[in-house]
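Hi,

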Amino acid sequence: MNYNKKSIEDVEVSGKRVLCRCDFNVPTKDGKITSDKRIVAALPTIEYLVKHGAKVILCSHMGKPKGEWKPELSLKVVAARLSELLGQEVIMAADVVGEDAKAKAAALENGQVMLLENTRFMKGETKNDPELSRELASMADLFVNDAFGSAHRAHSSTAGVADHLPAVCGYLVQKEVSIMGKALADPERPFVAILGGAKVSDKLNVINNLLEKVDTLIIGGGMAFTFLAAKGYCTGKSLLDAEKVDYCKEMMAKAEAKGVKLLLPVDAAVAAAFPSPIDAPIDVDIVAADAIPADKMGLDIGPKTMELYAEAAKNAKTVVWNGPMGVFENPVLAKGTIAVAQALAESDAVTIVGGGDSAAACEQLGFADKITHISTGGGASLEFLEGLALPGIACLEDK
Ligand code: ADP
Ligand code: MG
């Protein structure tokens, strides 16, 4: 995939009807927005379009209405908040591609902003229905994609419309693609990737792809135990993807053949059972990775592993991190994740964090502003790192 995509700055927007796909999938409670972070993040692109005299037609999905008209998932709350943030009216359409939306889009003046209803109210959206794509496109002259978090989905509003309109990226997508694209295509070395989280199978393809690119691959979190099992160690009651043991063996052989350093835990924090509730007080023992008792489960990396991983991260020039090192939701088991987050924060390297839980960990721990780039897309950033062409990005015009 070409990572050098045209942006809103590369095309004429003045006087044009611009359909801009945003990520307004904000959390709400009792009809109120509980975090407007995503709306705030969308402002630079919207403000650019307004300032340059575009007729701005915004769209987004929110939640999973699955093609049903669900009033509690209406984007009206977003229009209200966006109006406040922009300091100008955001005209709310009563539908997505119905009469009201079309009439309002046609009546827009330069610099005005409107918002369509939740795109997933339409059954065709997630099926990338060509008819819906055509209807959406019929309202506009140009498509701007600024929703990175949905870019791995081929939906009507994320990719389908680009079959009918010239398509470019907004600032958010541009930042994601340029930083992560550079890391993959032309990284400053040493290039270190750190993978964690719960399951090997979720991150299978990314392990395989990253071994082609990195100098060092670090594995932590629940998925590390399948690798330890592949080394022939007893992993006790730890998370184990039994079907993937052979795959892990293959990956270890591949790393060896390619001269990639593959770092696995040398020690672990183990306990008798998974904490319940997840943040309940828990007693842990630190044991060597090859000495996990049969009746214990590994829930975090141990202190020697923390040192080893932090050292590798500190000496890197590019670091990509996806997935926590342990059950970080529990303060006793968050130490490994904190150690890695801190190492990234203290490193001079280009540091990139993808994955919902790892991004949340960086934010909760207060390291977010010391990370070069925290991706706004969990699934999308993972597919990006797998080297896949994301439909919402592949459909944009190359520079
Ligand atoms: P991300 O969202 O960053 O991609 P994942 O969703 O893959 O990360 O994994 C995050 C989850 O992995 C967390 O809920 C965490 O508690 C869990 N986890 C991490 N280490 C372990 C472990 N050793 N055993 C069980 N679960 C773990
Ligand atoms: Mg997750």
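An oxygen atom of ligand 1 sits 2.6 Å from an N or O atom in the Ser358 side chain. That is a polar contact (a pair of N or O atoms within 3.5 Å). The model is predicted: local features need pLDDT of at least 70, side-chain atom pairs count only at pLDDT 80 or more, and totals for chains, interfaces and linings use all residues. Residues are numbered from 1 along each chain as its sequence is written, chains are lettered from A and ligands numbered from 1 in the order written, and side-chain values use heavy atoms, leaving out hydrogens and water.

Lys203 also contributes a side-chain N or O atom, 3.0 Å from an oxygen of ligand 1. Ala198 uses a backbone N or O atom, at 3.4 Å from a ligand 1 oxygen. Alone, ligand 1 exposes 580 Å², and the protein buries 83% of that (Shrake-Rupley areas, 1.4 Å probe). It has 20 residues around it; Lys203, Gly298, Glu329, Asp357 and Ser358 come nearest (near: a heavy atom within 4 Å).

Now the sheet. It is open, with 3 strands in the order E13-E12-E14 and antiparallel pairing (strands are DSSP E runs of at least two residues, numbered from the N terminus; pairing needs at least two DSSP bridges). E13 (285–288) and E14 (297–301) are the edges; each has a single partner strand, so one side of each lacks a neighbour in the sheet. E12 (residues 267–271) is joined to E14 by 4 bridges. Ala268 stands opposite Ile301 in E14.

Best wishes

Terms used. A polar contact is a pair of N or O atoms within 3.5 Å; within protein, one must be able to donate a hydrogen and the other to accept it, and residues adjacent in sequence count only if both atoms are side-chain atoms.
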